[in-house]
Amino acid sequence: MIIDVRAPRKQQQPNGTAYEQMLERVRYEGAYPTREKAEEVVRLVLSGLGRQLTGDERVDLAACLPVEAACVLTAQIPDPQPLTGWAFVKDLAARSGASPATTRWDTGSVFAAVAAHAGPDLITRILGQFPTGWALLFGRAELTHAA
């Protein structure tokens, strides 16, 4: 068992355990028939998020996620122009060959697990970095700013 001495004692888990729990949460949230399907969806969505997220929010999110998930996120080079939430879903759908409706479902399932690891404050910071449409992907109301 490998323990990260930097993590608070109550958060220390053997390598892989946190990732397995994340996959099980995604499997449950998305009603996927197998762990393999849940992992496929996690990899697709986290890769897409890694192409969008930059700065301290990227670093902080990677630190919150299980190592395996953080590696998928950070292996991507961020695009210079962030996508809207809907464009993000359409991009993932095109990459996976799935329908936009299925991809939207997949995204929500993964982002529910991501939000559980990150906490509300970090998710709020992440959403502040993106154009419109992302809050809905994280199960939040889309807030508009009065001019």
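The following dialogue explains how to read selected features of a predicted model.

Q: Which conventions apply to this model, and how are residues numbered?
A: Residues are numbered from 1 along each chain as its sequence is written, and side-chain values use heavy atoms, with hydrogens and water left out. As the model is predicted, local features need pLDDT of at least 70, side-chain atom pairs count only at pLDDT 80 or more, and totals for chains, interfaces and linings use all residues.

Q: Which residues of helix α3 are buried?
A: Helices are DSSP runs (H or I, at least four residues) numbered from the N terminus. A residue is buried under 20% relative accessible area, exposed over 50% and partly exposed in between (1.4 Å probe, protein chains only). In α3, residues 55-64, the buried set consists of Glu57, Arg58, Leu61 and Ala62. Viewed down the axis of α3, these residues fall within an arc of 130 degrees, so they line one face of the helix; the arc is that of the directions from the helix axis to the C-beta atoms. The face turned away from the buried side carries the exposed residues Asp56, Val59 and Ala63.

Q: What covers the buried residues of α3?
A: Contact is defined as heavy atoms within 4.5 Å. The cover includes α2 (35-50), α4 (67-74), α6 (100-118) and α7 (120-129).

Q: How does α7 divide into a buried and an exposed side, and what does the buried side pack against?
A: The buried residues of α7 are Leu122, Ile123, Ile126 and Leu127. Down the axis of α7 they fall within an arc of 140 degrees, so they line one face of the helix. Asp121 and Gly128 are exposed on the other side of α7. The buried residues of α7 pack against α3, α6 and α8.

Q: At what angle do the axes of α2 and α6 cross?
A: Axes are lines fitted to C-alpha atoms, for helices over the stretch in contact, and angles run from 0 to 180 degrees between N-to-C directions. Angles under 35 degrees count as roughly parallel, over 145 as roughly antiparallel, 65 to 115 as roughly perpendicular and the rest as oblique. The axes of α2 and α6 come within 9 Å and cross at roughly 80 degrees, which means that α2 is roughly perpendicular to α6. Val41, Val42, Val45, Leu46 and Leu49 of α2 make the contact with Asp106, Thr107, Val110, Phe111 and Val114 of α6.

Q: Which residues does Leu46 touch?
A: Leu46 lies in helix α2 and is buried, with a relative accessible area of 0%. Not counting residues up to four places away in sequence, Leu46 touches Met22, Leu65, Ala69, Val72, Leu73, Val110 and Val114. Leu46 and Ala70 are 24 residues apart in sequence and 8.4 Å apart in space, C-alpha to C-alpha.

Q: How do α5 and α6 pack?
A: Helix α5 (residues 85-96) packs with α6 at an angle of about 110 degrees, their axes being 9 Å apart; α5 is therefore roughly perpendicular to α6. The contact involves Trp86, Phe88, Val89, Leu92, Ala93 and Ser96 of α5 and Pro100, Thr103, Arg104, Thr107 and Phe111 of α6.

Q: How many aromatic pairs are there, and which residues do the ring pairs link into a cluster?
A: Rings of Phe, Tyr and Trp (its six-membered ring) pair if their centres lie within 6.5 Å; planes under 30 degrees apart count as stacked, over 60 as edge-to-face and the rest as tilted. The count comes to 5 aromatic pairs. One of them is the stacked pair of Phe111 and Phe138, at 4.1 Å centre to centre with 5 degrees between the planes. Phe111 lies in α6 and Phe138 in the segment after α8 (134-137), so the pair ties together parts that are 27 residues apart in sequence. Phe111 is buried at 0% relative accessible area, and Phe138 is buried at 10%. Phe130 and Trp134 also form a stacked pair, 4.0 Å centre to centre and 20 degrees between the planes; both residues are buried. Ring pairs link Phe88, Phe111, Phe130, Trp134 and Phe138 into a cluster.

Q: How many disulfides does the structure hold?
A: A disulfide is a covalent bond between the sulfur atoms of two cysteines. By the criterion used, a pair of cysteine sulfur atoms within 2.5 Å, the structure holds 0 disulfides. Cys64 is partly exposed, with a relative accessible area of 31%, and Cys71 is partly exposed at 45%.

Note on methods:
Helices (H or I, at least four residues) and strands (E, at least two) are DSSP runs, numbered from the N terminus.
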